Amino acid sequence: MTAQFYERLSNDLTQLLENPIDYNVTIEVGEEPDKKIYKVHSYILQSRNSYFQKKLNEISFNENHIKVFKMSNISIKIFNIIIKYIYGGIVSLEKLENSVIFDLLITSNELNLDELVEHLQTHFVNNNASWLRLNFSQVYRTSCQVKNFNIIKDFCNNIVSKYPNTIFESENFQTLPEDTLISIIEKDDLQLEESKIWQYVIQWGKAQNPTLPSNLKEWTSDNFLTLKTTLKQCLPYIRYFNISSEDFFEMISPYQQILEPELWLDINSKIVAPNEPISSSVLPPRKILNVTLPTRTTLTSNIITDAHTLEISSWIDRRESNYTENNPYEFKLLVRGSRDGFDVKTIYEICDKVSNTVVVLKVKDTGEILGGYNPCELDKNKSATIRSQDSFAFSLKTANLKNSILSRVEDFSNAIANYPQQSKLFFGNTLCLESNLKTDKNSCCLQNEFSYNKLIRSERLIDSDFENFLTLPEDTLISIIKRDDLQLEESKIWQYVIQWGKAQNPTLTSNLDEWTNVFEMIFPYQQILEPKLWLDINSKFLVPDKPITSTVLPPRKVLNVTLPTRTTLTSNTITDEYTLEISSWIDRRESNYTENNPYEFKLLVRGSRDGFDVKTIYEICDKVSNTVVVLKVKDTGEILGGYIPCELDKSKSVIIRIVACKNQYSYNKLIRSEGLIDSSFGGNNRFNVEEYEVFEVSKKK
């Protein structure tokens, strides 16, 4: 048996590229100021590639026994990929934009890298067909001009045959090369009426001769001769004898002078006496798949493209790979903000009782395209969370986002928040649409226990707590950053501290170039540190073992190298310390938990979000046991609450026995001080609530 060690060989040769021992060729890539010199080996280039074999044989060694080769028409980014492929036989496309991959394909073909050319074509057709469609004119033109692009050319030909308007109605049609036009109109399976093909050919011919009069009645014999000469190679591919007599006299007769006299007589003869023999060649009729020639449903959207709908449809069907054509779903426009208004209530009004809806929106300033799919019916008369296992939210691929992001529901019971009265439509908390989407800045994307399985916006864009952080009191900030178990990288902590400091001094210039010329994290702020500390930090970098005089705090006790974030309690009312205390009471402990809470507090209801009517608690928490209700009293700031281990029941009015009571109705202690309440039932013990929340408490797994 033969053993093969290609991976080790690839790694070793790649190392030779990075450490070019005994190189004898330099390749200058790009132009000033973006120019890079590669030190490479002629024996590798010539053995791996016929292009370099020929070129290097034409170049002589200089006095340093080096061959100098210039490639100014190739970008450094593209050449980096190619030279690594030549040395190591490895190409990674995951992080490359499709436009870059296409440029790589063209350059690979110019350099005779046949293996790579075939691989890149296959990659496009199998994995990025949607991009080929979005850039069809450019792709098709290139595939026709380059003889080695057979895989992409076949892909494009299939599209042109089925959907010829893709090319005929494109803005680039009139600039098509003649041979490309001929390759289209010669197809037997071109799905287009012959009279329409004739019109497109005439249109193309006129475009090549812009001096021809626009009014056909003003044409001279020379004008017709000019058009005839231009279309000489195209006209033989028109199936004249498959054009109806009505279309013939309306569309072709005006251009009689560009046809050969014999052909003109034969066409007329066939119309008058169909069974009479003729001398002209008769091409077979095209293989039209459907006499009515259905066109693809046109997407009426100001936001998304056909490629986007194919991607969304693939997610609906839970496909591993995206649809590339023949979308099984029709996307019917129901609501458009610029036409119908931007209030979320408008969605409920128009889409009431409609299921299988996709909401898409374009974010102002960033250009992001966000959205969500709801398989269930919306209900304009009912406020409730909707259960679904198939809903999802997404951020679609744009110029600023290389790959789309799909986020699927995890908490099925809280998949969709249907709250028309509050003008809210939430996909979990991953995409929260609220109020007027254009004028009110209430919509957001969050990551908490109600969210789907992925963020659909970057943390830079959704840091909803950032403004609150900047207003923290100094002692609160210090209490956070002094913790030894703070689960955050030290450089990140430094950045947050600097941000907080800047916020306290809004008159500071925002351009750091005006402060210093150094661009690292701590160095730019050298002047805020004590000189001795600054010198000691530098000393530790340069000579780690040298003693210093500054106090050295112990490193933080980070629990995991990957720095997992702590589970964040999503509450406007209580803190983590409060949940530890409540958990201790649930377990009837004599002393409180101080860390590692055995219970998870999952937010179910929040007054400011879901409404303050007690009925809302019953609606959302129906059949849910082990709930904790907490509320913040208006004016006094007291935090009151209770724990219910039993299920609530919205359809039944009963008294549930929980514990022994001190008297007929009360528990064993007052929970408000006597200074705040009056002993009389109608006194000051009545209060208003500023906020309330209900949590489901469950043992952590």
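Is lysine 35 buried, partly exposed or exposed? Lysine 35 counts as partly exposed, because its relative accessibility is 35%. The model described here is a predicted one.

**Salt bridges**

Side chains of opposite charge can pair when their charged atoms come close. In this structure there are 16 salt bridges. Three of them are set out below.

| Pair | N to O distance |
|---|---|
| Lysine 35 and glutamate 28 | 3.9 Å |
| Aspartate 390 and arginine 318 | 3.2 Å |
| Lysine 602 and aspartate 411 | 2.8 Å |

Lysine 602 and aspartate 411 are both buried. Salt bridges with shared partners also link Glu28, Glu32 and Lys35 into one network.

The salt bridge between aspartate 390 and arginine 318 has an N to O distance of 3.2 Å. Aspartate 390 is in the loop between strand 6 (384-386) and strand 7 (392-396), and arginine 318 is in the loop between helix 16 (306-316) and helix 17 (337-340), so this pair ties together parts that are 72 residues apart in sequence. Aspartate 390 is partly exposed, with a relative accessible area of 39%. Arginine 318 also counts as partly exposed, at 44% relative accessibility.

**A cavity**

Rolling a probe the size of a water molecule over the atoms shows where empty space is left. The count gives one cavity of 30 Å³ or more. The largest cavity holds about 110 Å³ of space. Residues lining the largest cavity include Thr385, Asn414, Phe450, Leu604 and Asp610. Strand 9 and helix 25 (607-610) are the elements that give two or more residues to this lining. Strand 9 gives the most, with three residues. By residue type, the lining of the largest cavity has six nonpolar, four polar and two charged residues. Domain 2 (306-434) and domain 4 (576-699) each supply at least three residues to the lining.

**Backbone geometry**

Most residues other than glycine have a negative phi, and most peptide bonds are trans. Glutamate 32 and proline 33 are joined by a cis peptide bond, with omega at about 5 degrees. Proline 33 is placed in the loop between strand 1 (25-31) and strand 2 (34-40).

Asparagine 112 is not a glycine, yet its phi is positive, at about 60 degrees. Asparagine 112 is found in the loop between helix 5 (98-110) and helix 6 (114-127), and it counts as partly exposed at 37% relative accessibility. Serine 435, also not a glycine, has a positive phi of about 60 degrees. Serine 435 lies in the loop between strand 11 (431-434) and helix 19 (459-462), and serine 435 is buried, with a relative accessible area of 15%.

**A polar contact in a loop**

Glutamine 191 is in the loop between helix 11 (178-185) and helix 12 (194-207). A polar atom of the glutamine 191 side chain lies 2.8 Å from the backbone oxygen of aspartate 189. Glutamine 191 counts as buried, because its relative accessibility is 10%.

Technical notes: Residues are numbered from 1 along each chain as its sequence is written. This is a predicted model: local features need pLDDT of at least 70, side-chain atom pairs count only at pLDDT 80 or more; totals for chains, interfaces and linings use all residues. Side-chain values use heavy atoms; hydrogens and water are left out. Helices (H or I, at least four residues) and strands (E, at least two) are DSSP runs, numbered from the N terminus. Buried means under 20% relative accessible area, exposed over 50%, partly exposed in between (1.4 Å probe, protein chains only). A polar contact is a pair of N or O atoms within 3.5 Å; within protein, one must be able to donate a hydrogen and the other to accept it, and residues adjacent in sequence count only if both atoms are side-chain atoms. A salt bridge is a side-chain nitrogen of Lys or Arg within 4 Å of a carboxyl oxygen of Asp or Glu. On a 1 Å grid over the protein atoms alone, a cavity is a set of points where a 1.4 Å probe fits but cannot get out, and a pocket is an open set with protein on both sides within 12 Å along at least five of seven lines; lining residues have an atom within 4 Å of a point. Grid points are joined across faces, edges and corners, and a volume is the space filled by probe spheres set on the points. Ala, Val, Leu, Ile, Met, Phe, Trp, Tyr, Cys and Pro count as nonpolar, Asp, Glu, Lys and Arg as charged, and the others, Gly among them, as polar. Domain bounds come from an automatic or database domain assignment.
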